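Welcome, and please open the structure in your viewer. We will go from stop to stop, and at each one you will hear what to select and what is there.

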Amino acid sequence: MLMKQMMKSLALAAVLMSVQAIAAPVQSWTTAQGTRVYFIETHALPIVDVQISFLAGSAFDPPNKVGLASMTASLLDQGAGTRNEKEVAEALADIGAQMSAAAGMDSASVTLRTLSDPERRATAIAMMTDAISMPHFDDGVFKRDQARSIAGLKEALTKPQVLSQRAYMSSIYQDHPYGRLATPESVAAISRVDLEQFWRQHYSAERASIALVGDLTRAEAEALAVQLTASLPADQRDVPRTLPKPSTTSAKVVRLDHPASQAHLLVGMPSIARDDAEQIALQVGNYTLGGGGFVSLLTKAVREDRGYAYSVYSYFDPKLVEGPFTIGLETKRTQADDALKVVHSVLDDFLKRGPTPTQLKAAQDNIAGGFALRIDSNSKLAANLGVMAFYGLPTDWLEKYPDRVRALTPEAVRSAFQKHVKPEQLVTVRTAAD
Amino acid sequence: MRLRTTLWLFSLCTALLSPLGAWAAAGTDNTFETTLANGMRVVVREDHRAPTAVQMVWYRVGSIDERDGVTGVAHVTEHMMFKGTPIVGPGEFNRRVAAVGGRDNAFTSNDYTAYFQQVPATQLKTVMALEADRMRHLTLEPTGYSKEIQVIMEERRMRTDDQSSARVHEAMNAVAWQAHPYRRPVIGWMSDLEQMTVADVRDWYRRWYVPNNATLVVVGDVNHQQVFGWARQTYGVIPARALPERKQFEEPVQAGQRQLDVKAPADLPLLVMGWKVPRLNDPRKDVDPYALEMLAQILDGHDAARLPTALVKEQQVAVSIDTSYDSTNRGPSMFMLQASPRPGHSVDQLEQAIRGALAEVANKGVSEQELTRARSQLCASEVYKKDSMMGQAMEIGMLETLGYGWQASPLMLDKLNQVTVADVQWVAQSYFKDDQLTIARLVPQPLDAAELAARAKRAEAVQAGGRH
């Protein structure tokens, strides 16, 4: 199936958003073990969604064993408690539950969707508890998945989009943990014992946050949070919970050869942390620049006016510390220079002038006016709540979002952009460009 | 064919999901349909959980309806639908949807072309008027076309030319199907895109974009009577027009295994095996397509299903395996298995292992427990489906456009639940014959720069020679 435009920019643009659609307000509390819990009670469907996230993403990988956070997360549900790998998968299928575990840059998360009747819910929650509290890290499973992971990585390293993205991250973050990338060698250096140690160090209740959405009462939600976190490893105070600030980049161009028919172009820099007050101004401004799908300035200039690319986008990805601002596009390799010129001219102009009042109003109308679309299902609510809980955003974040969007002025957006996007710091990666 | 009472049929998910069974029943009590005087079908499902709505318009036209030389025109037309009418200028469609807080997009497949907007429910009427306008009044001017066709060629480079697995699938379809239009890629061959003109698009639009070839689907916080009224005011005023004759393509029976290799930059080989199997023709009477669906679930429906267990975990000959079978199409179906060998194992070993796993089902059958597990997953997913308005609209639109009707959904669920272990064994014995099999292999090519440059030069020389 072909779409008119990929939803890339929407998917990448941080989940932000908004409120009172389905649901009751966001409730929040901290368990006795120190876990932050965010909860939305909604009984419209007999479904419960649970996400537990730990400060255990790839940024916490040891420098010589990059890939450890990811392998640790992926083995959690492959044998835990009284069930081996096969029994876990069969038991989940028997009750129609869906559980998965994965690590991102900052967090590692286990997510669960289950039917809400007491019997199925109890089984599913017990299995999720086992996965985070009593993972087996079975040696046979580990060795097999290590080999698969290395094979998968070698394959990925032939793809222009992967090579381009990796060169980009390592260029803008250099030695910073966000710039460290798993290699076949770094994954091969990992042992089973490393997984167990990483889990003991990073999967404590104090490093956890929980998001709950669905057919539960507050009392049931509280009991569920206690159960999930009761048997986690004890916290180890000396294991870091923070990340260093990335260093400032200076403008440069990185070139990679590849036989692809299209050049993959990325332009950007480390830009914004999750706790930065200007993130809403940046997200709203970015709607005009390159986040608003078909109606953005970049799409107009690169795609509509010139036919240079199918996909062109920009996004901010706020993280624990400065996450990237990125512009990306793919165009036939002979056109790379021309396309980059257009991108720079649109960006420079936007940085200089910011959005016009009309452009800002269009962004506000779409983001604030269409806010209900961002929260009109349990799964969308759960995704938003997961981000809010992990980064400790205020419980009224969603509720206030439309008003904060409406309150922005063109000057506020322009000044936020000028502070967070600096031409003299932008790194350009050109892969397969002539 | 077996006859069972409706009451008993509907009790299957109810029993499996006790006490939540009622939730798995399809939305027959909140779904309403009508047909406009011009023949356009309208299906509305009221879902009042959130103050939003989705509108989809599905045209029963896809790449299956194309002819050689103009492949890709269904998809190009989809792109051009955003390029303006006399009252809604180029790019203005997207701007107007965005201005009311909405999102919009469109997609094209072998079988259909569909357009959608997700909006606050209060804005539904606005986007209905917009969508109706471009059903009738598309401008299709050459300047906009000349840019958009470049965009589509970039799309082809991105999705197909530079993706080794996409190239394998494109080549495989071209070999597996000889008479049937499924042999042609939805995005079109590059040379066809290069030679296409706006006149080809205009021709396509005139023939197929008529209300009697379309279905309107609305799901959301709406009142169906009100939506029917708006539909009459917007779409209802567009005159019907006779549709071109649709040819029926019979793919000749394949008599003998087919095989092909595709060379592309990669590290891991890829093996794709596809058997021609029946599609769902009569949802009420058919048995085998349902049994094939359940077989796919038993082979690969969860992490401990047969294929990942046998190939990835026990024998460790594969790093990954995927199974796909879609019984609901306008044209014929294939049952496809796709896998990459684990380094140290050959593609031949992988192929033998897959054949072994299939032979085991054919020889020994599957267990009652495996089937029950597949049913549990199926019934739970019926409940999860209700969390997404877009997902519900997709299902309704697809069933309507493919000719089954949206009411087939509960029937199909019950028929799937009625599949027995004997049915599963029967399809495993009947359909996985070599004579019906096409095997495609990706032969990985190194990225080595020197070698690539040399190859490119050779290709150029060949092309230059070919022009004379």
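Predicted model: local features only at pLDDT ≥ 70, side-chain atom pairs only at ≥ 80, totals over all residues.

Switch to a cartoon view to find the 17 helices and eleven strands of chain B. Buried residues make up 52% of this chain. If you take the contacts in chain B between residues at least 6 apart in sequence, 80% of them join residues at least 24 apart.

**Stop 1: a loop in chain B**

Select Q257(B). Where does Q257(B) lie? Look in the loop between α9 (224-234) and β7 (258-265) of chain B. Is Q257(B) buried, partly exposed or exposed? Q257(B) counts as partly exposed because 13 other C-beta atoms lie within 10 Å.

Q257(B) and L437(B) are 180 residues apart along the chain, yet 5.1 Å separates their C-alpha atoms. Leaving aside neighbours within four places in sequence, the contacts of Q257(B) are D434(B), D435(B), L437(B) and I439(B).

**Stop 2: chain A as a whole**

For 434 residues, a compact globule would have a radius of gyration near 22 Å; chain A has 22 Å, so the two agree. The C-alpha atoms of chain A fill a box of roughly 60 × 50 × 45 Å along the principal axes. Of the residues in chain A, 58% count as buried. Among its contacts with a separation of 6 or more, 82% are between residues 24 or more positions apart.

**Stop 3: a sheet of six strands**

Colour the strands β2-β3-β7-β4-β6-β5 of chain A, in that order, to see an open sheet with mixed pairing. Which strands are at the edges? They are β2 (27-30) and β5 (98-103) of chain A, and each pairs on one side only. From one strand to the next, the twist averages 15°.

Zoom in on the β2 end. Strand β2(A) pairs with β3 (residues 36-41) of chain A in the antiparallel sense, over four bridges. Select Q27(A) and you will find F39(A) of β3(A) standing opposite.

**Stop 4: a sheet of five strands**

Move on to the open sheet of chain A with the order β8-β12-β9-β11-β10, where the pairing is again mixed. The edges are β8 (252-256) and β10 (312-316) of chain A; each has a single partner strand, so one side of each is left without a neighbour in the sheet. Ignoring direction, neighbouring strands here are turned by 15° against each other on average.

Strand β8(A) runs parallel to β12 (residues 427-431) of chain A, and five bridges join them. One pair to pick out is V254(A) with its bridge partner V429(A) in β12(A). Now bring chain B back: α5(B) packs on this sheet, touching β9 (262-272) and β11 (323-332) of chain A. The direction of α5(B) makes about 110° with that of β11(A).

**Stop 5: where the chains meet**

Keep both chains on screen. In total, 68 residues of chain B are in contact with 61 residues of chain A. Several elements of chain B each supply at least two residues to this side, including α2 (73-80), β4 (103-108) and α17 (449-466). The largest share, nine residues, comes from α5(B). Coloured by class, the side of chain B that touches chain A has 31 nonpolar, 19 polar and 18 charged residues.

**Stop 6: two crossing helices**

Finally, select α10 (residues 279-291) and α13 (residues 357-369) of chain A. Their axes come within 9 Å and cross at roughly 110°, which means that α10(A) is roughly perpendicular to α13(A). From α10(A), the contact uses V284(A), Y287(A) and T288(A), while α13(A) brings Q359(A), A363(A), Q364(A), N366(A) and I367(A). By class, four of these residues are nonpolar, four are polar and none is charged.

Key:
Residues numbered from 1 in each chain as written. Chains lettered and ligands numbered in written order. Axes fitted to C-alpha atoms, helices over the stretch in contact; angles between N-to-C directions. Parallel < 35°, antiparallel > 145°, perpendicular 65-115°, else oblique. Contact = placed C-beta atoms within 7 Å. Nonpolar A, V, L, I, M, F, W, Y, C, P; charged D, E, K, R; others polar. Buried ≥ 20, exposed ≤ 12 C-beta atoms within 10 Å, placed from the backbone. Pairing = 2+ DSSP bridges. Rg over C-alpha atoms; globule rule 2.2 N^0.38 Å.
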